[in-house]
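Have your viewer ready and try each one before reading its solution.

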Amino acid sequence: MEAGGVADSLLSGACVLFTLGMFSTGLSDLRHMRMTRRVDNVQFLPFLTTDVNNLSWLSYGTLKGDWTLIVVNAVGAVLQSLYILVYLHYCPRKHAVLLQTAALLGVLLLGFGYFWLLVPNVEARLQQLGLFCSVFTISMYLSPLADLAKIIQSKSTQSLSFSLTIATLLTSASWTLYGFRLSDPYIMVPNLPGILTSLIRLWLFWKYPQEQDRNYQLLQT
């Protein structure tokens with residue numbers, strides 16, 4: 001196998017490994033819900049938006065014939081759907097959660113109907129679907145910026161997950177390189193904000209260590 005083929009295989013493997021590792025961080029929430037039979041401190045919206053994101057990229061990967069995208073997002077969609085079902089099972093206010101789910105799935109179905117029925121040209125469909133996936137992914141990466149501002153104000157990183165931050169950084173970096181390797185801006189560009197926000201989180205962990213937060217809380221008590 002040529003050096004370029006080996007590099008592509010390694011990069012593809014890194015994308016799969018790091019992304020599935022990031023998706024699996026939700027298993028701790030799943031375990032918490034099953035053990036306590038409650039959804040306290042577990043956020044539902046990230047499960048839902050990630051599931052929609054996975055299904056969108058799965059469609060893009062299928063249209064493009066990219067098995068790295070297909071495998072990662074198929075497994076991701078299954079995991080996120082599992083998290084959603086467990087959340088629904090233990091959530092006391094199912095009506096609001098079902099409304100959010102129905103609204104996002106409705107938007108997703110309308111989008112699929114548009115791309116697959118009203119855009120007959122495959123190349124145009126690929127470009128428009130890639131643009132949609134890119135914008136959705138960028139919005140997901142930038143949405144926590146308001147929370148980061150609150151962390152700077154409170155000078156506490158207790159609400160941040162260090163393992164998720166590392167997983168997001170590795171995942172975003174690998175997909176950025178993968179998109180660059182394929183000359184696909186729809187894959188490369190939306191992962192750049194993921195690198196940026198992860199680096200900001202790492203700086204916050206350095207600036208406000210969690211051990212320091214615990215000591216401060218003990219002093220306050």
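**Exercise 1.** Find which aromatic cluster Tyr114 and Phe115 belong to.

Solution. Tyr114, Phe115, Phe132 and Phe136 make up one aromatic cluster. Rings of Phe, Tyr and Trp (its six-membered ring) pair if their centres lie within 6.5 Å; planes under 30 degrees apart are stacked, over 60 edge-to-face, and the rest tilted. In total, the structure holds nine aromatic pairs.

Before going on, some ground rules: this is a predicted model, where local features need pLDDT of at least 70, side-chain atom pairs need 80 or more, and totals for chains, interfaces and linings use all residues. Residues are numbered from 1 along each chain as its sequence is written, and side-chain values use heavy atoms, without hydrogens and water.

**Exercise 2.** Work out why the pair of Tyr60 and Tyr186 counts as edge-to-face.

Solution. Their planes meet at 80 degrees, with ring centres 6.4 Å apart, so the pair is edge-to-face. The two are 126 residues apart, with Tyr60 in helix 3 and Tyr186 in helix 9 (residues 185-188). Tyr60 is buried at 1%, whereas Tyr186 is partly exposed at 22%.

**Exercise 3.** Identify the residues that touch the most other members of the largest nonpolar core.

Solution. Start with the term: such a core is a set of buried Ala, Val, Leu, Ile, Met, Phe, Trp, Tyr and Cys residues joined through side-chain atoms within 4.5 Å. This core has 37 residues, and Met33, Tyr60, Tyr87, Trp175 and Ile187 touch the most other members. Helix 4 gives the largest share, nine residues. Next, follow Ile187: beyond neighbours within four places in sequence, its contacts (heavy atoms within 4.5 Å) include Trp57, Tyr60, Leu69 and Trp175. Another core, of six residues, lies apart, with Leu148, Ile151, Leu160 and Phe205 among them.

Technical notes:
Helices (H or I, at least four residues) and strands (E, at least two) are DSSP runs, numbered from the N terminus. Buried means under 20% relative accessible area, exposed over 50%, partly exposed in between (1.4 Å probe, protein chains only).
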